[in-house]
Amino acid sequence: MRIAIPSEERKKGTAVSISYGRCPFFMIYDTQSDEYFFVENLAASQESGAGIAASQKLVDSGVDVLLTRHCGENAAKVLVAAGIQIYRTDVPSAEDSIGAFMDGKLVKLDEFSSPRHQG
């Protein structure tokens, strides 16, 4: 299983990013190999649609689970359509969030932010 977390830095011990679609990186933990790797979130600089593009990057990276503070509705649709489960984490550290997930302490995220429309 591959677990993704929006992260602030490209290193173990990184903090979970407050932003999903505009986070700088995604830390991905592979439970089978017990290895961490990082994917740069190129969508972070997009003017619009960052969450959707970030979600597609996770789909392309073979992610099974996303641990995040929140997620937009349109981004969540991409993840759910690909079979990616979304869990809410309030744990500050990415590694500790993984531990909390593995211990069954996180709950599925079922409320998503509405898209922001500019007029």
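**Entry 1**

I began with Phe 112, which lies in the segment after β6; helices (H or I, at least four residues) and strands (E, at least two) are DSSP runs, numbered from the N terminus. I was reading a predicted model, where local features need pLDDT of at least 70, side-chain atom pairs count only at pLDDT 80 or more, and totals for chains, interfaces and linings use all residues. Residues are numbered from 1 along each chain as its sequence is written, and side-chain values use heavy atoms, with hydrogens and water left out.

Is Phe 112 buried, partly exposed or exposed? I noted 29% relative accessibility, so Phe 112 counts as partly exposed (buried is under 20% relative accessible area, exposed over 50%, partly exposed in between, with a 1.4 Å probe and protein chains only).

Which residues does Phe 112 contact, leaving aside neighbours within four places in sequence? I found Cys 71, Gly 72, Glu 73, Ala 76 and Ile 86 (contact means heavy atoms within 4.5 Å).

**Entry 1: strands**

Next I traced β4 and β5, which pair in the parallel sense over 4 bridges (two strands pair if DSSP finds at least two bridges between them). Thr 68 has Arg 88 in β5 as its bridge partner. On the way from β4 to β5 the chain passes through α2, and this β-α-β crossover is right-handed (clockwise from the first strand over the helix to the second, with the strands pointing away from the viewer).

I then saw that β5 and β6 (residues 107-108) run antiparallel, joined by 2 bridges. Tyr 87 is partnered there by Lys 108 of β6.

**Entry 2: helix α3**

Which residues of α3 (residues 94-102) are buried? I listed Ala 94, Ser 97, Ile 98, Ala 100 and Phe 101. They cover an arc of only 160 degrees around the axis, so they sit on the same side of α3 (the arc is that of the directions from the helix axis to the C-beta atoms). These buried residues pack against β1 (2-7), β2, β3 (35-40), β4 (65-68) and β5 (85-88).

Last, I checked Leu 66. Not counting residues up to four places away in sequence, Leu 66 touches Ala 4, Pro 6, Tyr 20, Leu 58, Leu 79, Ile 84, Gln 85, Ile 86 and Tyr 87.
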